[in-house]
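Open the model in your viewer and keep the selection panel at hand. The stops below go one at a time.

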Amino acid sequence: MTSTDTPANGASPHGAPTMLALHQTALGGPEVLRPTELPRPEPGPGEILVAVHAAGLNPTDFKHRALKIFLPPPPLTLGWDVSGTVVETGFGVTLFRPGDEVFGMLPYPYGHGSHAEYVTGPARAFAAKPAGTDHVQAAALPLAALTAWQALVDTAGLRAGQRVLIHAAAGGVGHLAVQIAKERGAHVTGTASAPKHAFLRELGADACVDYRSADFTDTEERYDVVLDTLGGETATRSVGVLRPGGIVVSLLPGDEHTAAAAERAGVRAVALLVEHDHAGMRAVAELVERGSLRAHVSGTFPFAEGARAHAQGETGRTTGKLVLTVR
């Protein structure tokens, strides 16, 4: 890796600039990921070229590495979270100039590629990196924070005084959702294993449910909003703890009973796929600058050890986020 904005490996024999990327040529376990020399991309109209300083990891990276979901088969370079420095702007870009520090989420799912020394993306997928925030912290935010924001604010319209249940509240999306919900003035209940309850209370959670020893439906509590990060039967069971007119926003598909259960209960059940969002990134940046939002980074890994980072993430025991450091 290099700390400059020049390609680490110089140029190809033909003079074209190159870079290193955490690349794969087959689907499989973490071992398929290898630092590989590839051509450095060039920004097209409306795009910026970013020298990546740090890149977040998300569960979707692990799934796409191993399975054919949205993306075409390998070869491919994964990664949607990025924090770095603008190197070059394409035609028509007015928001940024070379040298600007930015963070953002590449268009999901087809805009992947941030697990590399350089990446291009639409200028409006980025926002200015929050003042006083380092690249590791900034790289941990985009996909997870945008997901939480789009679920709670854009989709559910969460308001002060409402009650929200957040499943897997200590995870990447969950722990940011707790903070966003509290900033909106909501009463927040989070599900997590008992050892993580102190962490959730530090984030502002009002109540915690140990999913290992308690059933979240075994309560008289009724919620206006449920953020379901698990999908499947959890989505269907979450319908039963909503007030009439409430909403469950799932990040994974529910089971075959979810829609019917929601209709009978007079509530909404929707599935959310996160979108790149300049306004959303600016809202996230403002929360960070106000001290209302901070990613918990439980581990950083050098770019060349991306396979080890994937293996760690797939244990399912991560609190908050993992981040790859590139520069």
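Select V164 and V225: V164 stands opposite V225 in β12. This is a predicted model. Now widen the selection to the two strands. Strand β12 covers residues 223-228, and three bridges join β9 to it. The two run parallel.

Next, trace the chain from β9 to β10. The path goes through helix α4, residues 172-183. Which hand does this β-α-β crossover have? The crossover is right-handed.

Move to the open sheet. Three strands form it, in the order β2-β1-β4, with antiparallel pairing. Select β2 (34-39) and β4 (76-77): both stand at the edges. Each has a single partner strand, so one side of each is left without a neighbour in the sheet. Now colour β1, residues 18-24. Two bridges join β1 to β4, and the two strands run antiparallel. Zoom in on Q24, which stands opposite L76 in β4.

Last stop: the surface. Centre on L273, in the loop between β14 (268-271) and α8 (278-290). Why does L273 count as partly exposed? Its relative accessibility is 42%, and partly exposed means between the 20% limit for buried and the 50% limit for exposed.

Methods
Residues are numbered from 1 along each chain as its sequence is written. This is a predicted model: local features need pLDDT of at least 70, side-chain atom pairs count only at pLDDT 80 or more; totals for chains, interfaces and linings use all residues. Side-chain values use heavy atoms; hydrogens and water are left out. Two strands pair if DSSP finds at least two bridges between them. Helices (H or I, at least four residues) and strands (E, at least two) are DSSP runs, numbered from the N terminus. Buried means under 20% relative accessible area, exposed over 50%, partly exposed in between (1.4 Å probe, protein chains only). A crossover is right-handed if, with the strands pointing away from the viewer, the path from the first strand over the helix to the second runs clockwise.
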